[in-house]
Amino acid sequence: MAVEHILKSRSGLFLVVLLTWIPVSADAQSSRRSLEGMWSDPPYTAVGSFCAFACTDAGIDRLNGLLDDPANDARPFEQLQADAKAYEREYLRARLTDAALKTYPLDPADDPGFLRCQPWGLARQMFAPHQIEIWQRGNDRIELRYGEWDARRTVYLNGGKRPPTVVPSTMGYSVGRWDGETLVVETSGIAANIANWTDSNGSARHSDQLRVIERYTRSKDGKTLLLTATMEDPWSLRVPVVMKKIWGWAPDQKITAYKDCQRPTEFKRGVKR
């Protein structure tokens with residue numbers, strides 16, 4: 001959908017997009033494998049663009065309000081989106097602890113992913129702006145593969161908890177269950193790392209106390225996948241934060257070996273990427 005069409009059909013656009021996030025009922029689709037396959041770029045809508053990396057309901061509401069305000073009719077969509085993202089960053093800043101605020105937003109010079117091509121941890125990887133591939137392996141596990149870094153996760157469906165012998169890792173230990181047609185994943189044992197709050201300009205450190213509850217739901221029309229992730233970390237967050245992301249159905253795409261990362265040869269502290 002072209003930007004001009006988005007701006008001319010604001011109210012209708014958001015109604016349509018939000019309605020497509022209604023979970024698929026058991027009557028409409030009996031197979032729990034409905035999430036399987038390749039998902040990639042979000043739909044070309046206002047909400048899809050806004051949530052290409054990560055977003056919050058507060059940010060979506062802000063964008064919705066800006067688009068519906070006749071005073072903004074002459075403003076480009078990109079400006080309204082930037083304003084809503086700035087609002088969202090302040091919304092999230094208010095929820096960070098004093099400890100996290102000391103390095104927020106994180107300087108690229110302190111980011112090992114930027115400096116040394118070190119693969120991201122879970123709190124960034126789950127919102128990476130590229131593909132996610134989902135496959136169920138038997139009845140006891142689900143595998144997730146990401147286009148960014150060609151990273152992989154296993155979600156165990158055995159109904160258990162993280163074994164006490166499992167040490168913290170960058171992607172943590174994930175256990176899952178089905179709530180109707182929604183996949184619910186609880187991840188703990190995540191090593192201290194970096195979280196991307198809304199986008200790469202809102203990165204902050206998190207501790208190994210981070211706990212994430214993810215809910216993956218396919219839209220009623222089957223064309224989009226919605227992630228709702230509740231993040232809890234008493235070291236970095238004053239209250240739990242709920243982040244969202246959208247992917248579009250992309251059965252023809254493939255994930256290849258990740259070879260795109262290039263270490264910077266020149267950079268200055270305090271300069272955004």
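Mentor: Let us begin with a term: a disulfide is a pair of cysteine sulfur atoms within 2.5 Å. Cys 51 and Cys 55 form a disulfide, with their sulfur atoms 2.0 Å apart. Please note that this is a predicted model, in which local features need pLDDT of at least 70, side-chain atom pairs count only at pLDDT 80 or more, and totals for chains, interfaces and linings use all residues. Residues are numbered from 1 along each chain as its sequence is written, and side-chain values use heavy atoms, with hydrogens and water left out.

Trainee: How many disulfides does a search of the whole structure find?

Mentor: The search finds 1 disulfide. The torsion about the S-S bond of Cys 51 and Cys 55 is about 90 degrees, so this disulfide is right-handed.

Trainee: Is Cys 51 buried or exposed?

Mentor: Cys 51 is buried, at a relative accessible area of 0%. Buried means under 20% relative accessible area, exposed means over 50%, and partly exposed lies in between, using a 1.4 Å probe and protein chains only. Cys 55 also counts as buried, with 0% relative accessibility.

Trainee: Moving on, what is the span of helix α4?

Mentor: The end C-alpha atoms of α4 (residues 57-68) are 16 Å apart, which agrees with the 16 Å that its 12 residues should span at 1.5 Å a residue. The expected span is 1.5 Å times one less than the number of residues. Helices (H or I, at least four residues) and strands (E, at least two) are DSSP runs, numbered from the N terminus.

Trainee: Which residues of α4 are buried?

Mentor: Ala 58, Gly 59, Ile 60, Leu 63, Leu 66 and Leu 67 are buried there.

Trainee: Now the strands. Which ones make up the closed barrel?

Mentor: The barrel has 9 strands with mixed pairing, in the order β1-β2-β3-β4-β5-β6-β9-β10-β11. Two strands pair if DSSP finds at least two bridges between them.

Trainee: Where does β10 find its bridge partners?

Mentor: Strand β9 (residues 211-218) pairs with β10 in the antiparallel sense over 8 bridges. Thr 230 of β10 is the bridge partner of Ile 213, and Glu 232 of β10 is the bridge partner of Arg 211. Strand β11 (residues 241-249) also runs antiparallel to β10, joined to it by 8 bridges. There, Trp 247 is the bridge partner of Leu 225.

Trainee: Why is β10 described as largely enclosed by the rest of the structure?

Mentor: It is described that way because 7 of the 9 residues of β10 (residues 224-232) are buried.

Trainee: What lies between β9 and β10?

Mentor: The two strands form a hairpin with 5 residues between them, and Gly 222 in the turn has a positive phi of about 80 degrees. The Asp 221 side chain makes a polar contact with the side chain of Ser 219 at 2.6 Å, and reaches the backbone nitrogen of Lys 223 at 2.9 Å. A polar contact is a pair of N or O atoms within 3.5 Å; within protein, one must be able to donate a hydrogen and the other to accept it, and residues adjacent in sequence count only if both atoms are side-chain atoms.
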